[in-house]
Amino acid sequence: AAFEALGSECSDLGFLFAASAHLWGTVLPFALHGSPEQRERWLEGLVDGSTISAHAVTEPEAGSDVGSLRTRIQAVDGGDWLQIDGSKRYITAAPLADLFVVYGRDDQGLRAVVVPADAPGLAVEDSPKMGLLGTPMGSVVFEACRVPADHALGPVGAGLALFQGALEWERVGIVAPLLGAMQRQLDRSVAHARRRTQFGQPIGSFQAVSHRIADMKLRLDVGRLLVERAARLKDEGLRAPVEAAEAKLWVTEAFLEGSIDAIRTQGAAGYLEDSPEARDLQDAAAGPLYSGTNDIQRNIIARFLGL
């Protein structure tokens with residue numbers, strides 16, 4: 001509810017995207033799976049925002065397919081240290097991050113480890129993008145990067161379960177600001193359709209315009225129901241893989257379609273570079289890609305149907 005309200009009143013969806021990734025991708029895993037020492041050391045700064053974190057999963061050859069991650073995390077020096085070797089890309093807030101939660105593989109499977117940004121052997125490069133400009137994105141390279149063994153997050157072999165649990169929360173939470181943005185789009189479109197006249201009548205009286213806006217309303221209401229259903233399950237401590245996939249899939253595609261409809265309703269004014277509609281469209285284009293592509297969300301839904 002808070003993130004939906006922020007999306008309604010804050011036009012900087014890049015900032016809200018970064019806040020969502022920070023909260024669901026790193027703060028929540030610390031709160032649920034961090035050791036007492038890890039929570040005492042890092043959680044307060046992560047919660048109050050004085051420590052910025054990044055969730056480092058995607059690699060050049062492995063995005064949605066986490067089973068293909070090549071980053072290696074291995075114990076060295078008698079098990080006192082963990083060494084990370086590999087690279088990550090498209091990492092939200094990487095150029096600003098103080099802390100990374102890095103996923104890689106060891107001999108037991110997927111593993112998560114906490115890596116401070118100033119760890120020797122870690123390098124970050126900025127990756128400019130077309131939208132979500134309120135947060136930077138970057139690539140991260142680990143070359144014989146070492147952290148103490150107590151920086152491992154969760155038990156050995158539990159990395160996949162930790163990642164999947166965080167991803168369900170993220171898929172629900174990261175689209176909540178888009179509901180607020182869609183409400184803002186709808187309100188602006190209705191007001192414009194009532195105010196703007198052509199051929200002696202408000203353009204909202206033309207069925208082509210009114211039906212387009214009706215579709216915006218329908219997509220918003222369905223999206224809100226899907227998000228609230230998945231959020232309720234997560235609040236109750238339950239798994240929600242299909243519900244989270246449906247919410248993420250529907251809302252991101254609805255926001256993209258709604259952003260185009262908002263520009264069409266505004267006309268040429270909506271196409272201007274500094275218009276809210278143009279900025280929303282740039283941000284909306286990323287939705288079907290992040291937090292697992294929408295093709296992957298459809299795969300999840302199909303798999304739970306036995307297909």
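For me, strands are DSSP runs of E with at least two residues, and helices are H or I runs of at least four, both numbered from the N terminus. Two strands count as paired if DSSP finds at least two bridges between them.

I noted that this is a predicted model, where local features need pLDDT of at least 70, side-chain atom pairs count only at pLDDT 80 or more, and totals for chains, interfaces and linings use all residues. Residues are numbered from 1 along each chain as its sequence is written, and side-chain values use heavy atoms, with hydrogens and water left out.

Four residues sit between strand 2 and strand 3, and D77 takes a positive phi near 55°.

Next I followed strand 3 to strand 7 (residues 137-148), and they pair antiparallel over nine bridges. There, Q83 has R146 of strand 7 as its bridge partner.

Then I looked up the second largest pocket, with a volume of about 300 Å³. A pocket here is an open set of points on a 1 Å grid over the protein atoms alone, where a 1.4 Å probe fits, with protein on both sides within 12 Å along at least five of seven lines; lining residues have an atom within 4 Å of a point. The volume is the space filled by probe spheres set on the points, which are joined across faces, edges and corners.

Which residues lie nearest its centre? I got A1, V172, A176, V227 and A231, out of 15 lining residues. Helix 6 gives the largest share, five residues.
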